Every structure is written in structure tokens, then in C-alpha cells.
Amino acid sequence: MLLEPKDLFEKLEFDKVLELLENECMGQKGIEQVKHLPILEDQATIERRLLEVWEMLITIQEKELFPSSIYPEIDEDLRHLSVQDYVLPIDGLQRINSVLLLTKGILGFFTKSRQESYPTIYTITKPIDFDKTLIDAIEKVIDENGDIRPDASPALLQIRKKIGSKHRELDRQFRTLINLYRSKGWLSESVESIRNGRRVLSVPSEHKRKIRGIIHDESSTGRTAFIEPEGVIDINNDIFDLEQEEKREIYRILKALSETIRPYAPALEVYHNLVARFDLIHAKARLANRMEAKRPKLKAYPNFGWREAYHPLLLLKNKSLNRTTVPFDLVLHGKNRILMLSGPNAGGKSITMKTVGLQQLMIQAGMLVPASEESEFGVFQKFFADIGDQQSLEDDLSTYSSRLQNMKTFLDHADEHSLILIDEFGSGTDPKIGGAIAEAILRDLNFKKIFGVITTHYSNLKMFAFKTQGIVNGSMTFDRDSLSPTYEMKVGRPGSSYAFEIAQKSGLSGKLLKYAKHKTGKNEKAIDELLVDLQREKKELEEKLAKMTDREQMLQKLIRNYDNLQRDLEFKRKKLKLEAKEQSLQQAAKENKILEKLVREIKEEKNLEKAREVAAQVRKERKNLNETVSDLREEIYYQPTEDLEREIRVGDFVKLRTGGASGKVESISKGKAVVLMGLMKMTAKLRDLVHANEPLDVRTRKSISTDVTQAQARFESKLDLRGLRREEALKVLETFVDKALMSNATNIRIVHGKGDGVLRQAVRLKLREYKDISTIQFAEPHDGGDGVTLADID
């Protein structure tokens, strides 16, 4: 990632956004992550970061109360823990326990329903193997106030009981001595105090020789002595010994606890990083909530498709002042990559340009932005900006010289993955020369196919943008009635500086402005007006061209639809003809029986010559009819078409050319395919199969939603079972009837042929299993007779 100049973040005010983000963090480690927040280049990584923040934002908006609280820095404690035999102090153990408790809260947040609602942030916690015994071990020793528990060990409990007993004995003895010495007038008003960790009496100097004991201290004036009475010295000594014993026991306990925790140091570092990562995500989400930010769409390449974009800092400022902030759209169509933005001073050009850079940095830093969710952002690998006065006394550079140095850097390093932002392009020197140099630089930058937003007042740059592919003019609009900027941006037309209007509003005299207009002449204004007119005409032509392109595409689609319809009609016409011939063939077969009967009768009459003539005539007529039907079948089912030319492969969904259920090709061998239809397998010749759509998958565990109208439109009410074995036929029939019921069909037609009647009887028995089928009957003799079964569905 290349960022130029080095203070790019400050130029675009990204540093202020990071400062806001730091303020939202709950711990120092989260703040450190913000300070080193990377600008990402990989689209998938950026998308994931944005989705993490988006899901966290939803928890805030849904008031899910994600665990988030101030947490301590434990890196130093973990470094100490890595030293053998090092004993962590109580406050170090308490800091570690705080991180453990927060980690436990984060992991506990993801209940089963929340795992489904927030899958992206839940995934972060998946690799974490949390050991709750660490919390138990620490809390067994340290209480919620950070003190060692009295029962941290049996020995400590016994010691503290003794200390308590001695303190009570000391209280009794002290009260006795105080009452005694007070009655004699030997004590001052304050009576007692603490010196060197010992309880002492406050005695006026004139009485200090009257009380036996140890003098620990005197007041600054020397008027008061602090004496430990002889009667409590032994008790205080006992207490001191017990307190030392307590310290030794506490040290032993802390050492044992440190030894317990030491092997878990790597895991504690993982927990700490987890807490810090969620701290950063939560901080981004809280800031996004303040900005009313959204998660736009993201492209893997440079792109401008922004809608309703706001400057984040300006939005927050105006929101606090209850002011309205004006958004802008930045959508560059076709091959346009650079926006040449012009318009009046203080009209919002620089703010708009900075918004582009600032929001792009935020997106690539994994932050949501105040723009419409329908916006389409791109990803850039290099950022360049030339904004503000960059005069340098140290480098002996004027403002214009420093700007030219920036331009050289841009030209040396920029490419098609670069975003370039230039404010007041060409300014800082003689307008004519500066404009010419700026145009030459812009020409080279455009040749490098960079993306960018450039602000200017120069007419030659506006004209160059109009004439050059890849660059488009844009303007900040101005209200001539109120003589004030509207802060609205329009892409597609250049803007005027409105210098005279602004000067008039500023209070300059009409005489002065008249002279200025005279010196300017009419050409300058005429160029601006000409540019506006040309840009408008260009835009109109582009819109018309787009409409013509759409119409051409629609026409091509209609032509394809017409060709498909014509092909379908021809297919249906031939199919009807085939069905008629098939019926004729069935009728001929029936008549053939009559003729055979006649032949038998003739044979019985011994007229063999006549019998041969009749039989030959019947065979000839039957052969001609069979040939006609075969030709029609070849023409309808086997003639290659545009849709059927594709070779059938394993895994394709197919059906018989004659119709029926579809299935999946399981294997192919020697011109035959094994087709899986539900639980049934069928073997058929490849030439008898055609490609089909994937059959409806009826799920048993989850409900399905189907469009009955469309299903009914796709369902064919005729099924041909001829050529199938009994088991195969029944499976195909079952699937066919199921589809008929789901499609709300009212009647079905099953062609099974006459044969020996086994398949016909099996079909009738199978149909009787369905309670929705009301009547089952054979077709009329002219329509197939007992070779076709008809069924009505309620």
C-alpha cells in the first residue's frame, strides 16, 4: 500500500476519524490496534472486516448487550510470568482475572440462536479453547475487591483468626490503660495514635516519665510524646510476628497460583488478543452507529458507484448542531474514471473531494461509512493527494514548486489501481501557464488510467475533460436567487466560479464589478456556457445510445423467443401427426386380428391360394404403416436440434424422448445409459434419451414452496410406459402420478400397450392406491382402446 504524501491521513482528516475510534475503545490494546490500523487491499479480507462490524452494529441496534467493559493491559504481566519462579503480585493476578472474565463473557454471549444470527463474529471465537479452571483458581485466592481471601489456605485462615484474637485482646488492654491514665490526667485530648505501625498513647511531655513503655515519636513542637504502654508491648509483638507469618503464607499462596497459571501464558495471550479484537470491532460499530453508517457493496477493482455519501466528520458536527448535511452521488459510467470538479468558492468542492479519499480509506480499513447500502465501492492499492499549502522553508520550496514535486511523484508511481485527489489543480502560478502544465499532467495521468477527483477553476481543464475519454466534468451547484451555494454535486456538467455573483454578495460596488467584467470580456463567460451546452448534448446522446443498445438487446431476445416458439410449434405439429399414425397402427392391428380369423376360415375351406393373397396384402399394409410411423418418430424424436446436440454425460438429467419422468445418468456403457429415477434404475439407449431439467426435490424435513401455476404449465398429462419392465414402469408411474397431484392436474393418460395384459393390470392396481383418483377406464377403441388407461383426479 503506497500513501503519498506521508501526511496523507492528516490531509484527508483520517487521523481525526482514528482519534474518534480510539475514544470508543475500552482498553489500551484496542487503542494500539487503532494506531496501527492497516489499509487493506484484498477484497475478501475487507468484506469480512466490514461484515464483522455490521453484525456488531446489529447487536447494538437490537440492544443485545455484547460484553464490553474496560479491561487492563496484561502484556507486561505475561512477560513476567514467562520468567521461571517469578511470583505475580495480587494486582497482576487481578488484571489477568479481569481479562479471563471478559473472555468468558464474550464466549458465553454466543448462544445457539446468536451463532446463527451473527455467524461472522462467532467464527472469531471458534478456535478459542477456554479453560474456566483459571478463573476458579484465581477467585479461590483473590476476592472481588482484589484482596487475598481469608480462606485462601487453611494455614492463612488459622493465622488470621489468631491475628483477630490478638487485636481484640489489644483493644481490651488499651481501653483499660486509657481509662486509667485519663483519670490521672496524663493523656492529651487526642488520646491515641499510630506510630511505626504500633498503637500508641498521646502523652503530654510533662507526664511521659510517669507512664512505663516505649517512646516511638514526639510531636514537632516537642509537647507530645507517643508512648507504647508496657502492658501492650507483648501483644503488639505477637501481632507483628503473626503478620509476618501471614505475609510468608500469602507469598507461598501467590507463588503456587503463579505456578498454576504459568503454563497457560500462551492461552492468556490469545484471550487478551481476542478481547482487544472485539474491542476494536465494537468501537467501529459504536462509531458507525453515531454516523448512521452502512455497509455498501464492494468490488475487487477500482470503482466509483457512490450514492448518498456524506463527509463523516461534517455529518457528526452538523448532527450535534442540529444542522442538515447535504449528501452527494458519485457514479461514473462507462470508461469514465476521473471527475473534474468545478464550481464556486466555498461551494463544497474540497469537502467533496476529501470525502472521496476519507470514505475510501475508511472502507479499506474495515469501517462502515455514511453512504447508501446500494453504493458500490472499489479497492485501490495506491493513494495520492495534493491538498492545501505545502510551502517548505526547510526544503526551500514555494507552494507551486512543492505541488510540482507532488505531480512528479504521482506520474512516477501512479497506475490503474491508484486514487489521486488534487485540489485547485494548476493554481499557484500564472493561470495560462499553470493551466497548460496542469493539462499536460492530466493527460499523462489519464493515459495511466488512474481514478481520481480533481477540483479546478480553469476553463482549459474543463474543456479538456469534455473532449477526453475517461474524464467527466462535475459541478457544485449555486443558487443565483439567494447568491449562495447549495452544496449539491452534479456529475456530467462543468460549473462556473460565480466570482462576480459572490463579489456582489460580499458588498463590492457595482462600479468596481462593471470594470472587472469589462476587463474580463465576453469570451470567458461564453466558454463556460458553451461547455455546459456541449456537456448537456453529450449526455443526451449517451442516454439515447444507451436506450438504443437496450432496444437492440431486447429485439435480439424477441427474435430468439420467436425462433424457439416456431420450433416448438413445428415439433407439436409433427407429434400430433405421429400420434394419429400410431392410433391408425393400433386400429390396423385390431383389424389384423379380424383378417387372421378370416384366413383361418379360408384355410378351413381349403382355399390356400386365397389365404396367401390376403395374408400378403395384410403384411404389406402393416409394413407400410410401420415404416410411416418409424419415419415420423425419427423426424420428431431423433432429428438433431439446437437443444439436443449436446452430448449426454454422467450426471446429466435426462428423460425418454417419448416423454415420462426424468432422472440422473449414473453410468454410460456401449451406447446405453443407466438412469436413476428416485429409488429405481432404468437402462435405455442413448439415442432414446434427451436432456431434461432437474426433477423436483421433495424434502421430508423442511417445508417447500412451489408455484402451482408454473408446475401445472410444465406438467404433461401423458405417460408412455411401453418398452419398460413391470418394476421400472411402476416406479415411473408413481413419480408421474405424484407430479400430477402436485400440479393439480384433472386427468392423466397412461399408454402401456396391449401385449399380454400384465403391465395393463399392474397400472390399474397401482392407480387404485391413490384416493385422489376417482375413475379409471380404458380409452375409446379409436383412441387406443385397452392399450391406454385414462384416470380422473378429484
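Student: Which residues line the second largest cavity?

Tutor: Please bear in mind that this is a predicted model. The lining of the second largest cavity consists of M26, F66, P67, S68, S69, Y71, L102, I106, V275, F278, D279 and H282. This cavity has a volume of about 70 Å³.

Student: What is the division of that lining into nonpolar, polar and charged residues?

Tutor: The lining of the second largest cavity has 8 nonpolar, 3 polar and 1 charged residues.

Student: Which elements each supply at least two residues of this lining?

Tutor: They are α6 (90–109) and α12 (265–291). The largest share, 4 residues, comes from α12.

Student: How do α6 and α12 pack, in terms of angle and axes?

Tutor: The angle between α6 and α12 is about 60 degrees, and their axes are 9 Å apart.

Student: Which residues make the contact of α6 and α12?

Tutor: From α6 come I96, V99, L100, L102, T103, I106 and L107, while α12 contributes L268, Y271, H272, L274, V275 and F278. By class, this contact has 11 nonpolar, 2 polar and no charged residues. L102, I106, V275 and F278 belong to this contact and also line the second largest cavity.

Student: How many cavities of 30 Å³ or more are there, and what is the volume of the largest cavity?

Tutor: The count is 3 cavities of 30 Å³ or more, and the largest cavity has a volume of about 80 Å³. Two or more residues of its lining come from α15 (399–413) and likewise from α16 (431–447). Among the lining residues are D386, Y400, R403, F425, G434 and A438. The lining of the largest cavity divides into 7 nonpolar, 3 polar and 2 charged residues.

Student: Are α16 and α17 roughly parallel or roughly antiparallel?

Tutor: The axes of α16 and α17 (residues 459–467) come within 9 Å and cross at roughly 25 degrees. Angles under 35 degrees count as roughly parallel, and α16 and α17 are therefore roughly parallel to each other. Their crossing is right-handed.

Student: Which residues of α16 and α17 meet?

Tutor: G435, A436, A438, E439, L442 and R443 of α16 meet N460, L461 and F464 of α17. This contact comprises 5 nonpolar, 2 polar and 2 charged residues. A438 takes part in the contact and also lines the largest cavity.

Key: Residues numbered from 1 in each chain as written. Predicted model: local features only at pLDDT ≥ 70, side-chain atom pairs only at ≥ 80, totals over all residues. Heavy atoms only, no water. 1 Å grid on protein atoms, 1.4 Å probe; cavity = no way out; pocket = protein on both sides within 12 Å on 5 of 7 lines; lining within 4 Å. Points joined across faces, edges and corners; volume = space filled by probe spheres on them. Nonpolar A, V, L, I, M, F, W, Y, C, P; charged D, E, K, R; others polar. Axes fitted to C-alpha atoms, helices over the stretch in contact; angles between N-to-C directions. Parallel < 35°, antiparallel > 145°, perpendicular 65-115°, else oblique. Left-handed = near helix turned anticlockwise from the far one by under 90°. Contact = heavy atoms within 4.5 Å.
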